[in-house]
Amino acid sequence: MVIFFISKAVSPPATIYMGRDKVENEELLKYGLPTDIWFHVDKLSSAHVYLRQTPEQSHGEWDKLPPALVMDLSQLVKANSIEGNKKDNITVIYTPFTNLKKSGDMAVGQVSFHSDKKVKRVHVPSRDNAVVNRLNKTKIEKEVDHEAERQDRLREDGKKKKADALDRAKKEQEQKKIWEEEKKARSYDGMFTEEAFAEREQWSDDDFM
C-alpha cells in the first residue's frame, strides 16, 4: 500500500507519498520519478516520504522549494518516526531521488547517497499538530501497480519525444523555406540595379553587332 497526502501550503497543491512499511519503501526506491524528492529524519528510523514533482506540477528546483512545503514534508516525516516524533529539535534531510544509492549489501529500505553535497538539512524544533492534522485529512491509501505506471510513463514520454521531434523538423523546414525565399529575393533585387541594366544593355548591343 502507498499512502498519499496533499499539501495545500503551495499552489498548485503538492502530492506527497510514502510507503506503509520498509518493504513498500524498497519498492518505491525502484519506481520513483527522477524529479521526485526524498525526505527522511536524519540519523533516526522514519518513513521514506517523497514529494512528487512532475513537469505539470513542479514547485521549483529541489534545493529551492518553498519553505512552507518543506516544513509540511518535514512535519510528516517527523510524525512518522517512532523516535523522532517524541523528540524536539530534530533534523530532516532531503535530496533528489536520483541521488539515492542502493547496493545489494544494504538492509531492506536502507539507502545512502551518491553525493553528500546534494543533501539538504532542515531543523524541526517540535511537532506542529496543526500541520500534521491538515495533511492527515487528505490521507489516502491505495494499491499501486508500480510497473504498470512505469510502462505508462515510458509510453507517454515516447509520444512526447516523437511529437517534439516532429515539431522541430517542421520548424526547421519552415525556417529553411524562409531562408531560401530571402536568398531568392536578394538575387532578384540584384537583377534590377542600374549596373544590372547597364550590363544587359551592353550584352544586347554586342549581341546585334
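This is a predicted model: local features need pLDDT of at least 70, side-chain atom pairs count only at pLDDT 80 or more; totals for chains, interfaces and linings use all residues.

User: What does the secondary structure of the protein chain come to?

Analyst: The protein chain has five helices and nine strands. From the N terminus on, the elements go β-β-α-β-β-α-β-β-β-β-α-β-α-α.

User: What is the order of the strands in the open sheet?

Analyst: Seven strands make up the open sheet, in the order β8-β5-β3-β4-β2-β1-β9, and the pairing is antiparallel.

User: What makes the pair of Phe-39 and Tyr-94 stacked?

Analyst: Ring centres must lie within 6.5 Å for a pair, and planes under 30 degrees apart count as stacked. The centres of Phe-39 and Tyr-94 are 4.7 Å apart and their planes are at 10°, so this pair is stacked. Phe-39 is in strand β3 (residues 37-41) and Tyr-94 in strand β5, so the pair ties together parts 55 residues apart in sequence.

User: And why is the pair of Trp-62 and Tyr-94 edge-to-face?

Analyst: Planes over 60 degrees apart get that name. The planes of Trp-62 and Tyr-94 are at 80°, with ring centres 6.2 Å apart, so the pair is edge-to-face. Trp-62 sits in the loop between β4 (49-52) and α2 (67-79), 32 residues from Tyr-94.

User: Why are Phe-39 and Tyr-94 called buried?

Analyst: The label needs a relative accessible area under 20%. Phe-39 has 0%, so Phe-39 is buried. Tyr-94 has 6%, so Tyr-94 is buried too. Trp-62 is also buried. Over the protein chain, buried residues make up 34% of the 209 residues.

User: What about Asn-99: buried or exposed?

Analyst: Asn-99 has a relative accessible area of 3%, which is under 20%, so Asn-99 is buried. Asn-99 lies in the loop between β5 and β6 (100-101). Leaving out residues up to four places away in sequence, Asn-99 touches Ser-112, Phe-113, His-114, Ser-115, Lys-118 and Val-119.

User: Which residues do ring pairs link into a cluster?

Analyst: Phe-4, Tyr-17, Tyr-50 and Phe-97 are linked that way. The structure holds six aromatic pairs.

User: What sits over the ring of Phe-4?

Analyst: The charged end of Lys-142 does, 4.8 Å from the ring centre. The distance limit for a charge over a ring is within 6 Å.

User: Last one: why are α2 and α3 called roughly perpendicular?

Analyst: That label covers angles of 65 to 115 degrees. The axes of α2 and α3 cross at roughly 90° and come within 9 Å. α2 and α3 are therefore roughly perpendicular to each other.

Definitions and conventions. Residues are numbered from 1 along each chain as its sequence is written. Side-chain values use heavy atoms; hydrogens and water are left out. Two strands pair if DSSP finds at least two bridges between them. Helices (H or I, at least four residues) and strands (E, at least two) are DSSP runs, numbered from the N terminus. Buried means under 20% relative accessible area, exposed over 50%, partly exposed in between (1.4 Å probe, protein chains only). A charge sits over a ring if NZ of Lys or CZ of Arg is within 6 Å of the ring centre and within 35 degrees of the ring normal. Axes are lines fitted to C-alpha atoms, for helices over the stretch in contact, and angles run from 0 to 180 degrees between N-to-C directions. Angles under 35 degrees count as roughly parallel, over 145 as roughly antiparallel, 65 to 115 as roughly perpendicular and the rest as oblique. Contact means heavy atoms within 4.5 Å.
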